[in-house]
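Colleague: Please take me through this model feature by feature, with the general idea before each case.

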Amino acid sequence: MKVVAYARYSSDNQREESIDAQIRAIKKYCKENKYILLNIYIDEARTGTNQNRPQFQQMLKSAKNKEFEAVVVHKFDRFSRNKMDAVRIKYELKQQGVKVLSILEPLNGTPEDVIIESLYEGMAEYYSLNLAREVRKGMLENAEKGLTTGGTAPLGFGYC
């Protein structure tokens, strides 16, 4: 089967090693399953909560040209952290004969996979929303204490 890989990490605070580990695992998975890996699409420091990712969009465009049969990801949350986007895009890919395969969350074609995949998509979106809430809470607490909430200090507030 002809496949492509998609890998991403979310923020500048994460490291490129995340991409390296994803790609290494995907290559191993493809070799073990005798898949032909045609291309690797990588988005660095891009959120999965929307589709505004250059390489993701390029991958979708290639799928419309029927260049491959499956997209291999390390986990489904690398593909999307928005359950509505995930469902819609996977449906569109399915119409083009393209599957989305997750290495760590394998689905094996049973009717129960519908429920399991929905749980993965819901958990990915929940993780993102909950993380945002926790980050805001921490930033508000730092602001209450007069501590920095990140970024560059304003002019005149430099360190001595």
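Modeller: Start with the element names: helices (H or I, at least four residues) and strands (E, at least two) are DSSP runs, numbered from the N terminus. The model is predicted, so local features need pLDDT of at least 70 and side-chain atom pairs count only at pLDDT 80 or more, while totals for chains, interfaces and linings use all residues. Residues are numbered from 1 along each chain as its sequence is written, and side-chain values use heavy atoms, with hydrogens and water left out.

Colleague: What is the strand order of the open sheet?

Modeller: Strands of a sheet pair through backbone hydrogen bonds, either parallel or antiparallel. Here four strands are ordered β2-β1-β3-β4, with parallel pairing; two strands count as paired if DSSP finds at least two bridges between them. β2 (36-43) and β4 (99-102) are the edge strands, each with a single partner, so one side of each has no neighbour in the sheet. From one strand to the next the twist averages 25°. β1 and β3 run parallel and are joined by three bridges; Ala5 has Val72 in β3 as its bridge partner.

Colleague: Which strands does helix α1 touch?

Modeller: Contact means heavy atoms within 4.5 Å. Helix α1 (residues 17-32) packs on the sheet and touches β1, β2, β3 and β4, its direction making about 160° with that of β1. Axes are lines fitted to C-alpha atoms, for helices over the stretch in contact, and angles run from 0 to 180 degrees between N-to-C directions. α2 lies across β1, β2 and β3, at about 145° to β2.

Colleague: At what angle do the axes of α4 and α5 cross?

Modeller: Two packed helices are described by the angle between their axes and the distance between the axes. The axes of α4 and α5 (residues 112-144) cross at roughly 140° and come within 8 Å. The two helices are therefore oblique to each other, the class left after under 35 degrees (roughly parallel), over 145 (roughly antiparallel) and 65 to 115 (roughly perpendicular). From α4, Lys83, Met84, Ala86, Val87 and Lys90 meet Glu117, Glu121, Gly122 and Glu125 of α5.

Colleague: Which members of the largest nonpolar core touch the most others?

Modeller: In soluble globular proteins, nonpolar side chains tend to be buried together. A nonpolar core is a set of buried Ala, Val, Leu, Ile, Met, Phe, Trp, Tyr and Cys residues joined through side-chain atoms within 4.5 Å; buried means under 20% relative accessible area, exposed over 50%, partly exposed in between (1.4 Å probe, protein chains only). The largest core has 16 residues, and Met59, Val71, Phe79 and Leu93 touch the most other members. β1 (2-8), α2 (54-64), β3 (70-73), α3 (76-79) and α4 (83-95) each supply at least two residues of this core. α2 gives the largest share, four residues. Apart from this core lies another of 10 residues, among them Ala5, Ile26, Tyr35 and Ala70.

Colleague: Is Phe76 buried or exposed?

Modeller: Phe76, in helix α3, is buried, with a relative accessible area of 4%. Not counting residues up to four places away in sequence, its contacts include Lys90, Val100 and Tyr120.

Colleague: Where is Lys66 found?

Modeller: Lys66 sits in the loop between α2 and β3. Most residues other than glycine have a negative phi. Lys66, not a glycine, has a positive phi of about 55°, and at 55% relative accessibility it counts as exposed. Ala45 also has a positive phi, of about 55°; its place is in the loop between β2 and α2, and at 27% relative accessibility Ala45 is partly exposed.
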